[in-house]
Amino acid sequence: MNRPFREVRVDLSAVRDNIRTFADRVGVEVLAVVKANAYGHGAVPVARAALAGGATRLGVVDLTEARQLREAGIEAPILAWLHAPDEDFTGAAADSITVGVSTLAQLDAAAKAGVPAVHIAVDTGLSRNGVAESQWRDVFARAAGYEREGAFTVEGIFSHLSGTSAPDDVRQGERFRTAIAVAAEYGLQPPLLHLAATGGAWMFPELRFTMVRAGIVTYGLSPFDAKTSADLGLRPAMRLSARIVNVKHLPAGEGISYGYLYRTTQETTVALVPLGYADGIPRVLGPGAVVSINGTEFPIAGRVAMDQFVVDVGAHPVSVGDEAVLWGDPEKGEPAVERWAKAAGTINYELVTRLGNRPVRTYVGD
Ligand SMILES: Cc1ncc(COP(=O)(O)O)c(C=O)c1O
């Protein structure tokens, strides 16, 4: 079989090992966050690998993502926490999806649909989703009522950190403790209390409560600017590559790609990489992004276009069909995705997650 010429290769053994490393460190139950197609890695295979690595639950954003996992035959508990306005939870009930609720209306809808369990999302200072503090008592009172009637089990209370600073995260932890205490006044004592995702859970034992949510760590990437994957004992699971589709020799003074942001300064060779912004490669790119071809790193020459970009390989012998690795595991000599993220003024999360569907996902280490 021909290898795909644009490939996202995902190492499922890395996913398993990363979850194991994280679970060992945190010492509490781990929910693997596989939303957004598992941060671009492929929801179903990653979910299976994360469960094999010791995650006991899966987290997704919405019910469509949850359905995809159930359709693939995954039976582990799934929590979904962001819903359409006027969401009807009948499908969630049928699929046995645990619903994260942020409003009274969602509580009512969950009870009406007969979902098995809910986790109440409380806002502790991110000001995003979650019940505002002024509404905690109303929501807890109504949830306790539903639980007493047997409509559903209130299985969890959760929140999400801003990651702004240690004092900010610790303050959110205190508000989370207050929320748990207020819920207890209404007779709610759910077993699953979860506040921290990768960064908070890694850094602060006191913020781990009874469960943590493993997002970026699952994929072997660091949430910290100053720490690499290897510093944390993780292995990046994703390797993005494409095969060179054209090689040509150019004289000095030729402009390359739209707007001629790059001009050859001497006679040289350029190679064409068939990935562009339609595939999620950033068009806005400062210096620092490189590809590795036959073990040598080359910077990007000129603008990234919709489907392709060029690298100036100088006098190096590069041929059509050679593989250009954009990012992978630096321990294997591949560029780190963080180098691209820095060049694009963004974070590793965004680059892996936003890859399009043209690069074919392949899986190793199953
Ligand atoms: C509610 C919630 N929990 C957990 C996560 C996972 O975070 P991380 O990837 O930093 O572990 C996210 C990611 O955005 C999230 O929105």
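Guide: Start with the largest nonpolar core, which has 110 residues. Val30, Ala32, Val34, Ala80, Ala110, Ile120 and Ala214 have the most contacts inside this core. Helix H1, residues 12–26, gives the largest share, 7 residues. The core also draws on both domains: at least three residues come from each of domain 1 (12–222) and domain 2 (238–364). Keep in mind that this is a predicted model. As a rule, nonpolar side chains tend to be buried together in soluble globular proteins.

Leave out residues up to four places away in sequence, and Ala32 touches Ile19, Ala47, Ala50, Ala55, Leu58, Gly59, Ala214 and Thr218.

Follow Ala214 from there. Ala214 is among the core residues with the most contacts, and Ala214 also belongs to the ligand's surroundings. Val33, His160, Ala197, Thr198, Gly199, Arg213, Gly215, Ile216, Val217 and Pro223 surround the ligand too. Two elements each supply at least two residues of this shell: helix H9 (198–203) and strand S9 (211–214). Sorted by class, the shell has 6 nonpolar, 4 polar and 1 charged residues.

Last, step back to the two domains. The domain assignment gives domain 1 as 12–222 and domain 2 as 238–364. Their centres, taken over C-alpha atoms, are 37 Å apart. Where they meet, 10 residues of domain 1 are in contact with 10 residues of domain 2. On the domain 1 side of that contact, 7 residues are nonpolar, 3 are polar and none are charged.

Conventions. Residues numbered from 1 in each chain as written. Predicted model: local features only at pLDDT ≥ 70, side-chain atom pairs only at ≥ 80, totals over all residues. Near = placed C-beta within 6 Å. Helix = DSSP H or I, 4+ residues; strand = E, 2+ residues; numbered from the N terminus. Nonpolar A, V, L, I, M, F, W, Y, C, P; charged D, E, K, R; others polar. Domains from an automatic or database assignment. Contact = placed C-beta atoms within 7 Å. Core = buried A, V, L, I, M, F, W, Y, C linked by C-beta atoms within 7 Å. Buried ≥ 20, exposed ≤ 12 C-beta atoms within 10 Å, placed from the backbone.
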